[in-house]
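Here is a short report on a single protein chain. It covers aromatic contacts, a helix and a sheet.

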Amino acid sequence: MYRHGERDSHPRGFDAALRAVHAGRDRFVWLGLYEPSEDDLAAVAATFGLHPLAVEDAARSHERPKLDSYGGTLFAVLKTIRYVEHEEVSATSEIVETGQIMVFLGRDFVVTVRHGAYGELQTLRARLEARPHLLARGPAIVLHAIADHIVGGYLKVADRIQRDIDTLEKAVFDDRVRFPDAGAVYQLKREVVEFKHAVLPLAAPLRALADPDGDVGPIPPEVRNRFRGTEENVQRVSERVAGFDELLGSFLQATLAQVSVAQNQDMRRISAWAAIAAVPTATAGIYGMNFDHMPELRQVWGYPAVLAFIVTACLLLHRAFRRNGWL
């Protein structure tokens, strides 16, 4: 429980804290839950008067980012993104890991429900408690701090993915590599799409929270102004992620084209050698028919002449194929 932005040091249950908040002014409760059970959520919902549909959504961990209003309570879903360290991008690399934070926001309380191993809020809570003048503005500042913290993580992940893309670009267009790893390009594109699904849907909720004429819940005007900066950062990340997706699509097409060209070159080489090998094969087949009357069979120069013909024909074919780039 916070009073005038200062944390109440006396331990108490969340129900007792909420009663204390109702008994005074300039107070609010911040309750944090990590992957709660249905019974835990039911107890919290009964105490804080949370809407059943929102509670049902909070029990699931695969919701899209969104913002819903239930009377005087806001329900926000935000996706967290963590960059997974790896030596190089491969067909099985995990690039990003996602989690979720659900926020119930009332006039005198904020309840956060976190899913996933990443996205803890202890550091954020400590930073806010070090600035009581911010917490004194009420629970809406907590929602903004969480959204800004998550979006700041998006920017860092985008920078790390940019480095992966730059490294992959060098590998795709390296002349020394005949067959670029299309699986690595496709895997990175899949991870970028997952990142995209976390970022793009968040733009509309932040726009609604930043709207000075909006009426989406207990958001004071001074806090709405703060959401504008967060919304701009989301737009920046969205543009970068969309660019990543398009660029990786081009990489994938270029990789497949390079593989196709390399395969065509191999087929031309095989066809050229098969054509060269056809000369001695056909010649030997003709002179192996065992007819009694065949020219050159009784001649002393017949055998050397046939060998000379085979060698000459093969050399001429080899030279022609080299000129045409088949060998």
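F48 has a relative accessibility of 7% in this predicted model. The cut-off for buried is under 20% relative accessible area, so F48 counts as buried. F109 also counts as buried, at 6% relative accessibility.

The structure holds six aromatic pairs. F48 and F109 form a pair whose ring centres are 5.0 Å apart and whose planes stand at 55°, so this pair is tilted. F48 sits in helix α2 and F109 in strand β7. They are 61 residues apart, and the pair links distant parts of the chain. Ring pairs also bring in F14: F14, F48 and F109 are linked into a cluster.

Y154 and F195 make another pair, with centres 5.9 Å apart and planes at 70°, so the pair is edge-to-face. Y154 belongs to helix α6 and F195 to helix α7 (residues 182-199). These two residues are 41 residues apart, and their pair too links distant parts of the chain. Y154 is buried, with a relative accessible area of 0%. F195 is buried as well, with a relative accessible area of 0%.

The two pairs are listed below.

| Pair | Centre distance | Plane angle | Class |
|---|---|---|---|
| F48 and F109 | 5.0 Å | 55° | tilted |
| Y154 and F195 | 5.9 Å | 70° | edge-to-face |

One ring also meets a charge. R125 lies over the face of W30, 4.0 Å from the ring centre.

Next, helix α1. Which residues of helix α1 are buried? In this helix (residues 14-23), they are A17, L18, A20 and V21. They cover an arc of only 160° around the axis, which puts them on the same side of α1. R19, H22 and A23 are exposed on the other side of α1. The cover over the buried residues of α1 includes β3, α2 (38-48) and β7.

Now the sheet. Seven strands form an open sheet with mixed pairing, in the order β2-β1-β3-β7-β6-β5-β4. Its edge strands, β2 (6-7) and β4 (66-70), each pair on one side only.

R3 stands opposite E6 in β2.

L67 stands opposite A76 in β5. The hairpin of β4 and β5 has two residues between the strands, and G71 takes a positive phi near 65° there.

Helix α6 (residues 140-172) lies across β3 (27-34), β5 (73-83), β6 (96-105) and β7 (109-115). Helix α6 runs at about 25° to β5.

Technical notes. Residues are numbered from 1 along each chain as its sequence is written. This is a predicted model: local features need pLDDT of at least 70, side-chain atom pairs count only at pLDDT 80 or more; totals for chains, interfaces and linings use all residues. Side-chain values use heavy atoms; hydrogens and water are left out. Two strands pair if DSSP finds at least two bridges between them. Helices (H or I, at least four residues) and strands (E, at least two) are DSSP runs, numbered from the N terminus. Contact means heavy atoms within 4.5 Å. Axes are lines fitted to C-alpha atoms, for helices over the stretch in contact, and angles run from 0 to 180 degrees between N-to-C directions. Buried means under 20% relative accessible area, exposed over 50%, partly exposed in between (1.4 Å probe, protein chains only). The arc is that of the directions from the helix axis to the C-beta atoms. Rings of Phe, Tyr and Trp (its six-membered ring) pair if their centres lie within 6.5 Å; planes under 30 degrees apart count as stacked, over 60 as edge-to-face and the rest as tilted. A charge sits over a ring if NZ of Lys or CZ of Arg is within 6 Å of the ring centre and within 35 degrees of the ring normal.
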